[in-house]
Amino acid sequence: MKRTLAVSNVHKSFGGVRAVRGVSLALEEGHVLGLIGPNGSGKTTLLNLIAGVAKPSKGEITLDGRRIDGLAPHRIVAAGIAKTHQIPRPFLSMTGRENVAVAALYGSNKTRDLPEAMETAGRVLGLVGLAGKEDVASSNLTVQQRKRLEFARVLATGARILLLDEIFAGLSPDELRDAVALFARLQGELGFGALVVEHVMRAVLTVSQHVVVMEEGSKIAEGTPQEVVQNPAVIEAYLGPEAGRAPP
Ligand SMILES: Nc1ncnc2c1ncn2[C@@H]1O[C@H](COP(=O)(O)OP(=O)(O)O)[C@@H](O)[C@H]1O
Ligand SMILES: [Mg+2]
(Lines give C-alpha, C1' and ligand atoms only; values in the text may rest on other atoms or scores of the structure.)
(Ligands and ions follow the chains in the order given, each with its own letter.)
Protein backbone atom coordinates (compact mmCIF):
# COMPACT_ATOMS: atom_id res chain seq x y z
CA MET A 1 0.00 0.00 0.00
CA LYS A 2 1.21 3.50 -0.75
CA ARG A 3 1.96 5.60 2.30
CA THR A 4 0.18 8.89 2.84
CA LEU A 5 1.42 11.67 5.06
CA ALA A 6 -1.17 14.20 6.22
CA VAL A 7 -0.55 17.40 8.15
CA SER A 8 -3.75 18.94 9.55
CA ASN A 9 -4.01 22.46 10.93
CA VAL A 10 -0.58 22.28 12.57
CA HIS A 11 0.73 25.15 14.70
CA LYS A 12 4.10 25.73 16.37
CA SER A 13 5.15 28.65 18.54
CA PHE A 14 8.54 29.32 20.06
CA GLY A 15 7.79 31.71 22.93
CA GLY A 16 6.15 34.64 21.17
CA VAL A 17 7.20 33.55 17.66
CA ARG A 18 4.36 31.83 15.79
CA ALA A 19 6.57 29.93 13.36
CA VAL A 20 3.80 27.71 11.91
CA ARG A 21 0.19 28.90 11.95
CA GLY A 22 -2.40 26.30 10.99
CA VAL A 23 -0.78 24.58 8.00
CA SER A 24 -2.37 21.56 6.30
CA LEU A 25 -0.96 19.48 3.47
CA ALA A 26 -0.99 15.91 2.17
CA LEU A 27 1.64 13.87 0.36
CA GLU A 28 1.27 10.42 -1.12
CA GLU A 29 4.20 8.07 -1.76
CA GLY A 30 5.34 8.43 -5.37
CA HIS A 31 4.48 12.14 -5.52
CA VAL A 32 6.68 15.21 -5.14
CA LEU A 33 5.25 18.13 -3.19
CA GLY A 34 7.22 21.37 -3.26
CA LEU A 35 7.14 23.65 -0.21
CA ILE A 36 8.39 27.14 -0.92
CA GLY A 37 8.37 30.44 0.93
CA PRO A 38 10.72 33.28 1.82
CA ASN A 39 13.33 32.82 4.56
CA GLY A 40 11.74 32.59 8.00
CA SER A 41 8.34 31.49 6.68
CA GLY A 42 8.34 28.29 8.79
CA LYS A 43 9.39 25.63 6.26
CA THR A 44 12.16 24.02 8.32
CA THR A 45 9.98 24.15 11.44
CA LEU A 46 7.21 22.30 9.59
CA LEU A 47 9.68 19.59 8.48
CA ASN A 48 10.97 19.30 12.06
CA LEU A 49 7.39 18.80 13.30
CA ILE A 50 6.84 15.99 10.77
CA ALA A 51 10.21 14.39 11.62
CA GLY A 52 9.51 14.46 15.36
CA VAL A 53 12.35 16.88 16.12
CA ALA A 54 9.74 19.23 17.63
CA LYS A 55 6.15 18.73 18.76
CA PRO A 56 3.27 20.75 17.28
CA SER A 57 1.60 23.21 19.69
CA LYS A 58 -1.69 22.25 18.01
CA GLY A 59 -2.90 20.07 15.13
CA GLU A 60 -2.32 16.52 13.92
CA ILE A 61 0.19 14.70 11.73
CA THR A 62 -0.71 11.22 10.47
CA LEU A 63 0.95 8.52 8.38
CA ASP A 64 -1.63 6.22 6.76
CA GLY A 65 -4.21 7.58 9.19
CA ARG A 66 -2.18 6.90 12.34
CA ARG A 67 -1.04 9.80 14.53
CA ILE A 68 2.73 10.32 14.44
CA ASP A 69 3.00 13.81 15.97
CA GLY A 70 4.75 13.60 19.31
CA LEU A 71 6.60 10.37 18.44
CA ALA A 72 10.38 10.39 18.97
CA PRO A 73 12.44 11.02 15.81
CA HIS A 74 13.81 7.45 15.68
CA ARG A 75 10.23 6.08 15.72
CA ILE A 76 9.34 8.33 12.79
CA VAL A 77 12.38 7.11 10.86
CA ALA A 78 11.34 3.53 11.67
CA ALA A 79 7.87 4.35 10.29
CA GLY A 80 9.46 5.28 6.95
CA ILE A 81 9.90 9.09 7.05
CA ALA A 82 13.41 10.59 6.91
CA LYS A 83 14.64 14.19 6.74
CA THR A 84 17.81 15.84 5.51
CA HIS A 85 19.37 18.73 7.44
CA GLN A 86 19.29 22.19 5.85
CA ILE A 87 22.94 22.51 6.93
CA PRO A 88 24.47 19.08 6.28
CA ARG A 89 25.95 17.73 9.49
CA PRO A 90 27.54 14.36 8.86
CA PHE A 91 29.81 12.87 11.52
CA LEU A 92 32.85 14.68 10.12
CA SER A 93 35.51 12.24 11.27
CA MET A 94 33.63 9.37 9.64
CA THR A 95 33.76 8.48 5.95
CA GLY A 96 30.77 8.86 3.67
CA ARG A 97 30.28 5.10 3.75
CA GLU A 98 30.27 5.05 7.56
CA ASN A 99 27.82 7.97 7.77
CA VAL A 100 25.40 6.30 5.38
CA ALA A 101 25.82 2.92 7.11
CA VAL A 102 24.64 4.53 10.38
CA ALA A 103 21.49 5.66 8.56
CA ALA A 104 20.96 2.15 7.17
CA LEU A 105 21.33 0.63 10.66
CA TYR A 106 18.81 3.01 12.21
CA GLY A 107 16.39 3.11 9.29
CA SER A 108 13.12 1.40 8.54
CA ASN A 109 14.59 -1.42 6.46
CA LYS A 110 15.74 -3.38 9.52
CA THR A 111 19.40 -3.75 8.61
CA ARG A 112 20.93 -4.89 11.88
CA ASP A 113 24.23 -6.17 10.61
CA LEU A 114 27.20 -3.82 10.11
CA PRO A 115 28.70 -5.51 7.01
CA GLU A 116 25.25 -5.43 5.36
CA ALA A 117 24.82 -1.74 6.33
CA MET A 118 28.24 -0.93 4.84
CA GLU A 119 27.25 -2.72 1.64
CA THR A 120 23.94 -0.80 1.46
CA ALA A 121 25.89 2.42 2.06
CA GLY A 122 28.24 1.72 -0.84
CA ARG A 123 25.32 0.99 -3.15
CA VAL A 124 23.40 4.14 -2.15
CA LEU A 125 26.51 6.34 -2.45
CA GLY A 126 26.80 5.04 -6.01
CA LEU A 127 23.17 6.00 -6.69
CA VAL A 128 23.79 9.62 -5.63
CA GLY A 129 26.98 9.93 -7.69
CA LEU A 130 29.50 9.57 -4.86
CA ALA A 131 31.14 6.40 -6.20
CA GLY A 132 34.87 6.72 -5.56
CA LYS A 133 34.30 9.04 -2.55
CA GLU A 134 33.02 6.34 -0.18
CA ASP A 135 36.13 6.27 1.97
CA VAL A 136 36.92 9.99 2.06
CA ALA A 137 36.41 11.61 5.49
CA SER A 138 33.18 13.63 5.36
CA SER A 139 35.10 16.71 6.52
CA ASN A 140 36.93 16.63 3.16
CA LEU A 141 33.77 16.65 1.03
CA THR A 142 32.63 19.77 -0.88
CA VAL A 143 29.25 21.44 -0.26
CA GLN A 144 27.81 19.63 -3.29
CA GLN A 145 29.16 16.29 -2.07
CA ARG A 146 27.80 16.87 1.44
CA LYS A 147 24.35 17.62 0.00
CA ARG A 148 24.55 14.32 -1.88
CA LEU A 149 25.65 12.57 1.30
CA GLU A 150 22.54 13.95 3.07
CA PHE A 151 20.40 12.58 0.26
CA ALA A 152 22.19 9.19 0.52
CA ARG A 153 21.54 9.13 4.28
CA VAL A 154 17.76 9.46 3.88
CA LEU A 155 17.68 6.94 1.01
CA ALA A 156 19.68 4.41 3.06
CA THR A 157 17.08 4.47 5.84
CA GLY A 158 14.65 2.87 3.38
CA ALA A 159 12.21 5.75 3.91
CA ARG A 160 9.25 6.00 1.53
CA ILE A 161 8.57 9.64 2.43
CA LEU A 162 11.59 11.94 2.20
CA LEU A 163 11.69 15.41 3.76
CA LEU A 164 14.34 17.36 1.85
CA ASP A 165 15.40 20.70 3.32
CA GLU A 166 17.10 22.92 0.72
CA ILE A 167 19.07 20.14 -0.95
CA PHE A 168 19.39 22.37 -4.03
CA ALA A 169 20.64 25.48 -2.18
CA GLY A 170 24.20 26.77 -2.35
CA LEU A 171 25.02 25.00 -5.61
CA SER A 172 26.52 26.52 -8.75
CA PRO A 173 24.22 26.59 -11.82
CA ASP A 174 25.88 23.46 -13.26
CA GLU A 175 25.72 21.64 -9.92
CA LEU A 176 22.06 22.63 -9.57
CA ARG A 177 21.19 21.27 -13.00
CA ASP A 178 22.95 17.97 -12.17
CA ALA A 179 21.27 17.77 -8.74
CA VAL A 180 17.80 18.33 -10.21
CA ALA A 181 18.41 15.68 -12.89
CA LEU A 182 19.73 13.20 -10.30
CA PHE A 183 16.75 13.81 -8.00
CA ALA A 184 14.24 13.38 -10.84
CA ARG A 185 15.89 10.17 -12.04
CA LEU A 186 16.07 8.56 -8.58
CA GLN A 187 12.52 9.62 -7.74
CA GLY A 188 11.31 7.99 -10.96
CA GLU A 189 13.33 4.81 -10.35
CA LEU A 190 12.70 4.40 -6.62
CA GLY A 191 9.19 5.89 -6.43
CA PHE A 192 9.51 7.54 -3.01
CA GLY A 193 7.35 10.48 -1.99
CA ALA A 194 9.17 13.72 -1.28
CA LEU A 195 8.39 17.00 0.43
CA VAL A 196 10.93 19.30 -1.19
CA VAL A 197 11.60 22.53 0.69
CA GLU A 198 13.39 25.43 -1.00
CA HIS A 199 13.39 29.18 -0.76
CA VAL A 200 14.68 29.41 -4.33
CA MET A 201 11.74 28.62 -6.57
CA ARG A 202 13.19 27.33 -9.81
CA ALA A 203 14.41 23.87 -8.81
CA VAL A 204 11.24 23.08 -6.86
CA LEU A 205 8.96 24.08 -9.69
CA THR A 206 10.86 21.73 -12.00
CA VAL A 207 10.64 18.64 -9.78
CA SER A 208 7.22 19.07 -8.11
CA GLN A 209 3.75 18.08 -9.30
CA HIS A 210 2.11 20.23 -6.65
CA VAL A 211 3.43 23.19 -4.66
CA VAL A 212 2.48 24.71 -1.29
CA VAL A 213 3.58 28.27 -0.55
CA MET A 214 4.16 29.56 2.99
CA GLU A 215 4.59 33.08 4.26
CA GLU A 216 5.00 34.07 7.92
CA GLY A 217 3.94 30.61 9.11
CA SER A 218 0.77 30.36 7.02
CA LYS A 219 -0.05 28.63 3.78
CA ILE A 220 -0.82 31.42 1.30
CA ALA A 221 -1.24 29.40 -1.89
CA GLU A 222 -1.09 25.95 -3.41
CA GLY A 223 -1.50 24.39 -6.81
CA THR A 224 0.49 23.28 -9.81
CA PRO A 225 3.84 25.01 -10.36
CA GLN A 226 2.24 27.08 -13.16
CA GLU A 227 -0.63 28.13 -10.89
CA VAL A 228 1.54 29.25 -7.98
CA VAL A 229 3.97 31.33 -10.04
CA GLN A 230 1.01 33.29 -11.45
CA ASN A 231 -0.64 33.76 -8.04
CA PRO A 232 -0.49 37.47 -7.06
CA ALA A 233 -0.08 36.64 -3.33
CA VAL A 234 2.97 34.51 -4.15
CA ILE A 235 4.51 37.18 -6.37
CA GLU A 236 3.95 39.73 -3.60
CA ALA A 237 5.49 37.45 -0.93
CA TYR A 238 8.62 37.04 -3.01
CA LEU A 239 9.00 40.40 -4.69
CA GLY A 240 7.20 42.88 -2.42
CA PRO A 241 3.78 44.58 -2.45
CA GLU A 242 4.32 46.51 -5.70
CA ALA A 243 4.99 43.33 -7.66
CA GLY A 244 1.72 41.66 -6.60
CA ARG A 245 -0.46 44.46 -7.97
CA ALA A 246 -1.77 44.37 -11.48
CA PRO A 247 -0.11 47.00 -13.66
CA PRO A 248 -2.21 50.20 -13.99
N1 LIG B 1 14.09 26.76 17.86
C2 LIG B 1 13.60 27.97 17.62
N3 LIG B 1 13.44 28.89 18.61
C4 LIG B 1 12.92 30.11 18.35
N5 LIG B 1 12.52 30.55 17.15
C6 LIG B 1 12.64 29.69 16.12
C7 LIG B 1 13.19 28.37 16.29
N8 LIG B 1 13.19 27.74 15.08
C9 LIG B 1 12.68 28.64 14.20
N10 LIG B 1 12.36 29.80 14.82
C11 LIG B 1 11.74 30.98 14.18
O12 LIG B 1 10.62 30.51 13.46
C13 LIG B 1 10.48 31.20 12.23
C14 LIG B 1 10.49 30.22 11.06
O15 LIG B 1 11.80 29.68 10.92
P16 LIG B 1 12.14 28.49 9.92
O17 LIG B 1 11.17 27.39 10.13
O18 LIG B 1 13.57 28.17 10.09
O19 LIG B 1 11.86 29.18 8.50
P20 LIG B 1 12.36 28.79 7.04
O21 LIG B 1 12.88 27.40 7.07
O22 LIG B 1 11.15 28.96 6.19
O23 LIG B 1 13.42 29.79 6.66
C24 LIG B 1 11.61 32.22 12.19
O25 LIG B 1 11.12 33.44 12.68
C26 LIG B 1 12.63 31.61 13.13
O27 LIG B 1 13.44 32.61 13.69
MG1 LIG C 1 14.75 26.63 6.53
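Let's start with an open sheet of four strands, in the order β2-β1-β4-β5 and with antiparallel pairing. Two strands count as paired here if DSSP finds at least two bridges between them. The edge strands are β2 (17-28) and β5 (66-67), and each of them pairs on one side only.

A quick word on the model, which is predicted: local features need pLDDT of at least 70, side-chain atom pairs count only at pLDDT 80 or more, and totals for chains, interfaces and linings use all residues. Residues are numbered from 1 along each chain as its sequence is written, while chains are lettered from A and ligands numbered from 1 in the order in which they are written.

Back to the sheet. Strand β1 (residues 4-14) pairs with strand β4 (residues 58-63) in the antiparallel sense, over five bridges. As a reminder, most residues other than glycine have a negative phi. Is Asn9 buried or exposed? Asn9 counts as exposed, because it has 12 C-beta neighbours inside 10 Å. The cut-offs, with C-beta atoms placed from the backbone, are these: 20 or more other C-beta atoms within 10 Å make a residue buried, 12 or fewer make it exposed, and anything in between is partly exposed.

There is another residue of this kind further along. Strand β9 (residues 210-215) and strand β10 (residues 218-223) pair over five bridges, in the antiparallel sense, and Met214 stands opposite Lys219 in β10. The hairpin has two residues between the strands. Glu216 lies in that loop between β9 and β10 and has a positive phi of about 45°, although it is not a glycine. Glu216 is partly exposed, with 15 other C-beta atoms within 10 Å.

Now for the helices. Helix α4 (residues 114-127) has 14 residues and reaches 20 Å from its first C-alpha to its last, close to the 20 Å expected at 1.5 Å a residue; that expected span is 1.5 Å times one less than the number of residues. Which residues of α4 are buried? They are Ala117, Thr120, Ala121, Val124 and Leu125. Seen down the axis of α4, they fall within an arc of 135°, so they line one face of the helix. That arc is taken over the directions from the helix axis to the C-beta atoms. The buried residues of α4 pack against α3 (96-106) and α5 (143-156), where a contact means C-beta atoms, placed from the backbone, within 7 Å. Just after α4, Gly129 takes a positive phi of about 80°.

Last, the domains. The protein is divided into domain 1 (1-80 + 160-248) and domain 2 (89-157), with bounds from an automatic or database domain assignment. Their centres, taken over C-alpha atoms, are 24 Å apart. Twelve residues from domain 1 and 13 residues from domain 2 make the contact. On the side of domain 1 that touches domain 2, α2 (73-78) and α6 each supply at least two residues.

To finish, Pro173 is found in helix α6 (residues 173-190), and Pro173 is exposed, with 7 other C-beta atoms within 10 Å. Thanks, everyone!

Conventions. Two residues are in contact if their C-beta atoms, placed from the backbone, lie within 7 Å.
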